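The structure is shown first.

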Amino acid sequence: MLRILLLLCVLTTGTLTAQRQVTLTAELADCTQPIQLFRFTGFGFEPLLPLAERPDGSYQLSLSIPEPVFRYIGTDASNAVPIILGGEDSLTLHGNCEALRQATVGGSAINTAYVQLKADFEAFNERYTTLIQDIQVIQDERVNREGKEAMRQLDQDKRELVARMAIEYPLLGRVASLNTYLSYYSADQEQYPSEVGHYAQTYFQFVDFTDPGYDDLSWTFEGTRGFTTTLLKALPADEIADVILEQTAHWPAGGKARFLARSGALGALFPAKHPATMPVARALIDEYEDSEPGAIAFVKQQTAGLASFIIGAPAPLFTAPTPAGEELSLESLRGQVVLLDFWASWCGPCRRENPNVVKMYHKYKDRGFEILGVSLDDRRERWEGAIAADKLDWLHVSDLQGWQSAYGQLYGVTSIPQTVLLDRDGTILARNLRGAELERKLAEVLGSR
């Protein structure tokens, strides 16, 4: 009996630590840079190993892999193609370095299955779009009824695909679980009174949050990014952060999967400059500042510039030199409604808009309205000359660093003119209001006469 138990222990240990030796060959034409293997980290691609160039012009790499995993092959982060390694002992990537995204993988059943899985997703989406038209748009009772029946069949097909992938290729089963949403028409509508509530609560229903296989899976990022993109179209802005944090909290605290999921949410929120960005970013920073310092530094950098785009958020504070060489702080203007006007003497549209701004300033300045012109000039004489020529008799500051202006960067200014309107407490009311729109807002805030 003791010998049997020892043998079982040896077999179990061997199974847990088994490594597959994989040889990857890349037959790529027109390559002018070295070919590397990359891993997706959530906010970029980390180079892992170079592929050695062979005498016949191909590239090759051998490595040990415990189980199939997504990696990327390319010359740099912007020119790389996803590939699954570990499904077979050898596989070959065929393509051209000038169009790596079109490369194909030979000798790999799991990569072929991945291509088919993406085709299945696309077909499901096309069916879903057609059936939504039948159910929600077409005014015909029979079409609506048959559309709902067909939608339930589609949901069943999705269930079967997830289950089959989980058995045939567990890695692809995880990918399927992150891309499979069953429609509201297959749900218990007493439990989910609204379609958007159903979506928010059930999108991840096929995910096994205890499975460590999601920790090193780029689709953990992509799936949550897609989930968040849909929420942006469907939920009120003040609810989105709570839903994202609640759903991604199902992954283990401090784990790589939760990091990837919340990074994916930020991947949708950052470009939208959405108010939910700040609480999601803060949660990521608080939890991963020690374990992911590089990524967290990037998140902090992104959120610093984003704060000025969020309506209702406190305006980022700064202190800057005036034309007289004195220091003026934005905080010192509390108690007034302030228009931050980013401009420059060389900016034609800014100068053409100035007469309108002058009229508005004189109309509202006695009611608690102030303008702080923030110039992106780099020559003092031009800056001061434009102030005098255009009769801009409000407050002005500049560090005379042009596009490198610290204040312009703080407010994410990439073009001018740009304006940011602040209330008496220094809270952002609006961004990029000019002309009639700005006057309407000032009349609303300060009253009209």
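A disulfide is taken here as a pair of cysteine sulfur atoms within 2.5 Å. By this rule, the predicted model holds 2 disulfides. Counted along the chain, the bonded cysteines follow the pattern 1-2, 3-4.

The disulfide of C31 and C97 is right-handed, because the torsion about its S-S bond is about 80°. C31 sits in the loop between β1 (20–29) and β2 (36–40), and C97 in the loop between β8 (90–96) and β9 (104–106), so the bond ties together parts 66 residues apart in sequence. C31 counts as buried because its relative accessibility is 19%, where the cut-off is under 20%. C97 is buried too, at 6%.

The link of C347 and C350 is right-handed, with 75° about the S-S bond. C347 has a relative accessible area of 4% and is buried; C350 is buried at 2%.

As for the whole protein, there are 14 helices and 16 strands. The radius of gyration is 28 Å, whereas a compact globule of 449 residues would have one near 22 Å. Along the principal axes, the C-alpha atoms fill a box of roughly 90 × 65 × 50 Å. Buried residues account for 47% of the 449 residues. Of the contacts between residues at least 6 apart in sequence, 64% join residues at least 24 apart.

The protein exposes about 22,100 Å², with 52% of it supplied by carbon and sulfur atoms. There are 41 positive and 58 negative side chains, and the centres of the two sets lie 4 Å apart.

How values were computed. Residues are numbered from 1 along each chain as its sequence is written. This is a predicted model: local features need pLDDT of at least 70, side-chain atom pairs count only at pLDDT 80 or more; totals for chains, interfaces and linings use all residues. Side-chain values use heavy atoms; hydrogens and water are left out. Helices (H or I, at least four residues) and strands (E, at least two) are DSSP runs, numbered from the N terminus. The radius of gyration is taken over C-alpha atoms; the globule rule is 2.2 Å times the number of residues to the power 0.38. Buried means under 20% relative accessible area, exposed over 50%, partly exposed in between (1.4 Å probe, protein chains only). Contact means heavy atoms within 4.5 Å. Accessible areas come from the Shrake-Rupley method with a 1.4 Å probe; for residues, only the protein chains shown count as cover. Lys and Arg count as positive and Asp and Glu as negative; His and the chain ends are not counted. The place of a charge is taken as NZ of Lys, CZ of Arg, CG of Asp or CD of Glu.
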